[in-house]
Amino acid sequence: MLLAFSAKAEDLYAGGSLSFWRNSTDKQTTISILPEIGIHLDSKWALGTTIGYTHTETGSDDNKYITNAFQIGPYARYTYFTYEKVSLFCDGGFNISTGKGRFHGESGDAMTAWSIGFKPGVAFNVNKKFGVVAHFGFLGYEGVNDGAKEAGYKEGFGLRFSGDAMSLGFYYNF
């Protein structure tokens with residue numbers, strides 16, 4: 001098994017995304033760190049996962065709700081179009097996020113949010129080793145428990161092409 005993995009080491013990629021967002025209307029600040037690792041199975045298919053952390057603060061100093069969540073999101077990526085340095089793909093997978101909230105220093109209920117669905121994207125390969133990837137939308141289902149609802153997460157299903165369904169990441173191909 002080690003020999004098989006070593007033979008595919010050149011097909012590994014690593015990268016991820018980092019985001020910071022401040023919504024002044026809701027007085028909400030969100031910071032996310034999402035490292036990612038994957039392997040190209042062939043020119044069309046790849047398997048990967050994101051593993052990361054999200055910190056959110058909502059409200060003013062005297063009325064602040066803080067959440068910290070760990071998340072993991074395995075996926076299968078299918079590249080359906082490639083032209084020179086640009087590729088179009090779709091990731092199919094699921095994501096689970098779990099953590100706790102705090103209000104006035106008091107610990108809240110455990111929160112769990114999950115999603116399953118598809119995320120279309122575009123990749124631009126700057127060269128053989130370095131690339132930029134953008135996801136732009138989501139088609140699927142998102143579920144939450146009561147603790148996550150209390151923290152402001154919402155459940156639902158459908159097709160979303162809003163700004164909060166977009167992400168930008170950088171990748172290094174080994």
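**Figure 1. Buried charged residues Asp-91 and Arg-77 in the predicted model.** Asp-91 and Arg-77 are both buried in this predicted model. Their side chains form a salt bridge with an N to O distance of 2.6 Å. Because Asp-91 belongs to strand β5 and Arg-77 to strand β4, the pair ties together parts that lie 14 residues apart in sequence.

**Figure 2. The salt bridge between Arg-77 and Glu-36.** The side chain of Arg-77 also meets that of Glu-36 in a salt bridge, at 3.7 Å from N to O. Arg-77 is part of strand β4, whereas Glu-36 is part of strand β2 (residues 28-40), so this pair ties together parts that are 41 residues apart in sequence. Both Arg-77 and Glu-36 are buried. A network of salt bridges links Glu-36, Arg-77 and Asp-91.

**Figure 3. The salt bridge between Glu-155 and Lys-149.** The side chains of Glu-155 and Lys-149 meet at 3.4 Å, N to O, in a salt bridge. In the whole structure, a search finds five salt bridges. Side chains of opposite charge can pair when their charged atoms come close.

Figure 4. Thr-67 is found in strand β4, which covers residues 65-83. With a relative accessible area of 4%, Thr-67 is buried, because the limit for that class is under 20%. Leaving aside residues up to four places away in sequence, Thr-67 touches Thr-54, His-55, Thr-56, Lys-100, Gly-101, Met-111 and Ala-151.

**Figure 5. A nonpolar patch on the surface.** The patch is formed by Ile-51, Phe-70, Ile-72, Phe-94, Ile-96, Trp-114, Ile-116, Tyr-141 and Phe-157. Together these residues have about 890 Å² of accessible area. Strands β4, β5 (86-103) and β6 (106-125) are the elements that give two or more residues to the patch. One of the members, Ile-72, lies in strand β4. Ile-72 has a relative accessibility of 31% and therefore counts as partly exposed.

Figure 6. The protein contains two helices and 10 strands. Along the sequence, these elements follow the pattern α-β-β-β-β-β-β-β-β-α-β-β. The C-alpha atoms fill a box of roughly 55 × 35 × 25 Å along the principal axes. Of the contacts between residues at least 6 apart in sequence, 52% join residues at least 24 apart. Among the 174 residues, 33% count as buried.

Notes. Residues are numbered from 1 along each chain as its sequence is written. This is a predicted model: local features need pLDDT of at least 70, side-chain atom pairs count only at pLDDT 80 or more; totals for chains, interfaces and linings use all residues. Side-chain values use heavy atoms; hydrogens and water are left out. Helices (H or I, at least four residues) and strands (E, at least two) are DSSP runs, numbered from the N terminus. Buried means under 20% relative accessible area, exposed over 50%, partly exposed in between (1.4 Å probe, protein chains only). Contact means heavy atoms within 4.5 Å. Patches are made of residues with over 30% relative accessible area and no salt bridge: like charges are joined within 9 Å, nonpolar side chains (Val, Leu, Ile, Met, Phe, Trp, Tyr) within 5 Å. Accessible areas come from the Shrake-Rupley method with a 1.4 Å probe; for residues, only the protein chains shown count as cover. A salt bridge is a side-chain nitrogen of Lys or Arg within 4 Å of a carboxyl oxygen of Asp or Glu.
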